There are 2 protein chains.
Amino acid sequence: MQLPDQVRVVNVGLPLFADAVRQQGAEAVDVDWQIPAGGREDLVAALARLYGDAAAVVDGANAEVLRRLDDGAPLLVRVGTAEREIPGMGPRALLHPGPPIEWRDWCDPLRRSARAVVMAEGWASDPSEAERRISNGDVRLSSASEHAAAIPMASVLGPSAPVLVVENPQGGNLGFSGVNQGPGATSWFGVETSEAVERLVFLREAVGPVLDAAIRDTGPIDVFALVAQGLQMGDDAHMRIQATTNLFLRHLMASLAGVDHPARVEVARFLSSNHLLFLNVAMAAAKAVADWASDIPGSSMVTGMARNGTTFGIRVSGTGGRWFVAPAPWVGDPLFHPGYGPEDAAPDIGDSAVLELLGLGGAAAAASPAVAAFVGGSMADAVATTEAVARICVGLSRRFRLPYLDLRGSPLGVDVRRVVETQVTPAITTGILHRDSGVGQIGAGVARAPLGVFEEAMLALDVALR
Amino acid sequence: MQLPDQVRVVNVGLPLFADAVRQQGAEAVDVDWQIPAGGREDLVAALARLYGDAAAVVDGANAEVLRRLDDGAPLLVRVGTAEREIPGMGPRALLHPGPPIEWRDWCDPLRRSARAVVMAEGWASDPSEAERRISNGDVRLSSASEHAAAIPMASVLGPSAPVLVVENPQGGNLGFSGVNQGPGATSWFGVETSEAVERLVFLREAVGPVLDAAIRDTGPIDVFALVAQGLQMGDDAHMRIQATTNLFLRHLMASLAGVDHPARVEVARFLSSNHLLFLNVAMAAAKAVADWASDIPGSSMVTGMARNGTTFGIRVSGTGGRWFVAPAPWVGDPLFHPGYGPEDAAPDIGDSAVLELLGLGGAAAAASPAVAAFVGGSMADAVATTEAVARICVGLSRRFRLPYLDLRGSPLGVDVRRVVETQVTPAITTGILHRDSGVGQIGAGVARAPLGVFEEAMLALDVALR
């Protein structure tokens, strides 16, 4: 749909929206104009309160959340073992991405990943035994999000898995992720073959210890300082994070060359052939900062966003730990690997959407020619993606800058009020897994968060503030 | 100067220019309109012949030169020793950047660099003894350009220096450069302190052997394939080549971790702390391709461009090995390190301008937010710099693509006819050295090639074709 050449202000009877409406008319190029909140009465009434009587409380809380999202600067300090590092995980547990979910509702790629991890842990010797162990309740299943961890795609963490540990000095809290498993037949892409299990063992026995030694020798690494540089080099830091990965590897190179471990060269080869190596580091840091920004009473800002391939959930700072959940969306604007198409795709999955809450991924599409290929092909399309996200954000990042926009900050701080008002939801740049064949990744694209969870969250916040 | 809103075609009596004039009016936004060749009669007459009766010969030759510049894909194969690798160098010789020049005319930074090299070679124990060795004629001085080598800034190569060797399979020829000396007190920046001499010894004893072992273990490296990726990551591949350097280091990382040499870790630290490491690799490759494109009778395209801090010279394919020389220009659009200003600057120096002949550096300004800072501050200024270079080029690179321009090719193939006609000369992104204090680099900017050398070359080509 094209905008007409002239837009007249449509007065929907709520003068407090007039500025926003005028703003849309002035800046929008390819954005559909919408009646606020689609005209739904309960939403309009809640918006009127949250932009009206409650505005001072909400805006004050949001200012603090924005400050934390912008100020938190986590440091990567070590690679440890999941059970020892992650508080409350326990010895016979698996952590999964996305909101909490019963085993019977897990999607196919995530089930495969869990079975691969059970085999790598030595709890079962084949997939069917692994399936029994889990369905019998021998293994406890928890959402990584509820343990300060963020894990991408269909990743599952077992107790012996190596985990990246980041410290957020500003908040005094920690964040975790697994070590990125790399390309090919791997369980984070929903593969449970012996090759995928061997990769998990290699990560635990070789990559974890070598990377830990290199990081400790190098000293704490300011994660977002590297990401900020990567944005100047074509990364959106989600779908494309190769430049940041290269900066990270260069930073570690001397320490890595000095690690005294028989697998040093093999690990160096693995690390250097993984374009997405830094994805998990950035996610651990984003998770630590988002957790620090959580539980600020009154705030309408999103501080959790995650998918498990079945459901898509958000958490809002002002409504605490409560999840607002809807079916996971399909990934839009897809580019599929040869031989695959939409009918093969699993729904959107993984905790990586936490990056979009920090001004990265879809918010930073304008930084990345690679992402442009997914949102229309031209840099103008990538800029339009960023501009759309800006409409639902309360600020601009001071550290994540967009070179194509002459170093303007990336949009930061998703406000459920703005999402509901404009009906624009965050754009999430992401990979696509096969829905049921166990073949792994088959494409990539841009997922749109489902509107309903933002509406539900906003109504809950309105109730809490009344 | 701004263009008026409407440009009328000014007929200067030469209808063959009319298309070019119309083109200027149509595309130019911030480019001054000029009477072709400034109206100088001898130039206009030569242009009339070279665009007229001789056009078929010139254009045919240029097509072959353009093909070579676009097709040559040199491979980095090893690091050797200058005297053994570089044909005709000899045992007691120094190679310097830029056109041939007598010792008495060498600029201060280049003299210091030569003395540092003489000390590193063990031919003298202090700068004054080194000065005597050279001025006495004990040491033979030659232009690196005439030995298939291209060396940046005030670099000087002695016989024992480690050199990068690239093979151009398409042309069956080789190209050479030194190993980049890194930041700080180094002779390539015109420093002759003991620290600078020690760096040269470290390069010879440690960096050369370790890098050679890593490159041989990795296998031949397609130099321009890495550069093409770097252009997608914010490099112009001259002033800024950090992204390409990171790709190169990541590519070598596993081999480097396996090198059996006591200095492995120290060398890894040196390599990973040098943002300009790949500059010399790209220059060696550009030199090999430019040499292959040289000596095509009738061609009006520039295949050599180099500066020694005293003179600036070009060579044109159709006029063979002849240099056309003028005083080296000052570097424009400068940004100086704190405490330094224009009065401290040495003139433009180094062989790196060969990159501009391959569609890199100033030609690729539009790829680089970092370069934008030097040409006005905004990406629009960087794009304008590239557009200006496009006016004097005969084609667009098929491999070097500009992400900000939706992957349009970078301008390739500088034609002296177009330079003389438009009076636009190549823009060269480059560093600035201190003119006489031996303190090293004091800034960076964009040098403009002097127009006179292109005029002289075009007149010589015209004579040769008559």
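Modeller: A quick definition before we start: two residues are in contact here if their C-beta atoms, placed from the backbone, lie within 7 Å. Keep in mind, too, that this is a predicted model. With that cut-off, the contact between the chains takes 24 residues from chain A and 24 residues from chain B. On the chain B side, α9 (242-258) and α10 (264-272) each supply at least two of the residues that touch chain A. Of the elements there, α9(B) gives the most, with 10 residues. Sorted by class, that side of chain B has 14 nonpolar, 6 polar and 4 charged residues.

Now zoom in on α9(B) and what it meets across the contact. Helix α10 (residues 264-272) of chain A packs with α9(B) at an angle of about 175°, and their axes are 8 Å apart. Angles over 145 degrees count as roughly antiparallel, so that is how α10(A) and α9(B) lie to each other. If you want to click on residues, α10(A) brings A:Arg264, A:Val265, A:Ala268, A:Arg269 and A:Ser272, while α9(B) brings B:Arg250, B:Met253, B:Ala254, B:Ala257 and B:Gly258. Those residues divide into 5 nonpolar, 3 charged and 2 polar.

Next, a helix pair inside chain A. Helix α8 (residues 223-231) and helix α11 (residues 277-292) of chain A pack at an angle of about 120°, with their axes 10 Å apart. α8(A) and α11(A) are therefore oblique to each other, and α8(A) passes α11(A) in a left-handed crossing. From α8(A) you get A:Val223, A:Phe224 and A:Val227, which meet A:Val281, A:Ala282 and A:Ala285 of α11(A). By class, the residues of this contact are 6 nonpolar, with no polar and no charged ones.

Over in chain B, helix α11 (residues 277-292) lies across β1 (75-81), β4 and β5 of chain B, and runs at about 150° to β5(B). Those strands belong to an open sheet of 4 strands, in the order β5-β4-β1-β6 (chain B), with antiparallel pairing. At its edges are β5 (173-178) and β6 (221-222) of chain B, each pairing on one side only. Strand β4 (residues 162-168) of chain B is joined to β5(B) by 6 bridges, and B:Leu164 stands opposite B:Ser177 in β5(B).

Chain B also has an open sheet of 3 strands, in the order β10-β15-β14, again with antiparallel pairing. β10 (331-336) and β14 (427-433) of chain B have a single partner strand each, so one side of each is left without a neighbour in the sheet. From one strand to the next, the twist averages 25°. β10(B) pairs with strand β15 (residues 441-448) of chain B over 4 bridges, and the bridge partner of B:Gly332 in β15(B) is B:Val446.

As for being careful: the model scores ipTM 0.90 and pTM 0.91. Chain A averages a pLDDT of 93, and 93% of its residues score at least 70. Two stretches of chain A deserve a flag. Over residues 6-18 of chain A the pLDDT is below 50, and this stretch has 17 contacts in the model beyond near neighbours in sequence. Residues 26-31 of chain A are also below 50, with 6 such contacts. Where pLDDT is low, the predicted coordinates should not be read in detail.

How values were computed: Residues numbered from 1 in each chain as written. Chains lettered and ligands numbered in written order. Predicted model: local features only at pLDDT ≥ 70, side-chain atom pairs only at ≥ 80, totals over all residues. Nonpolar A, V, L, I, M, F, W, Y, C, P; charged D, E, K, R; others polar. Axes fitted to C-alpha atoms, helices over the stretch in contact; angles between N-to-C directions. Parallel < 35°, antiparallel > 145°, perpendicular 65-115°, else oblique. Left-handed = near helix turned anticlockwise from the far one by under 90°. Pairing = 2+ DSSP bridges. pLDDT = per-residue confidence, 0-100.
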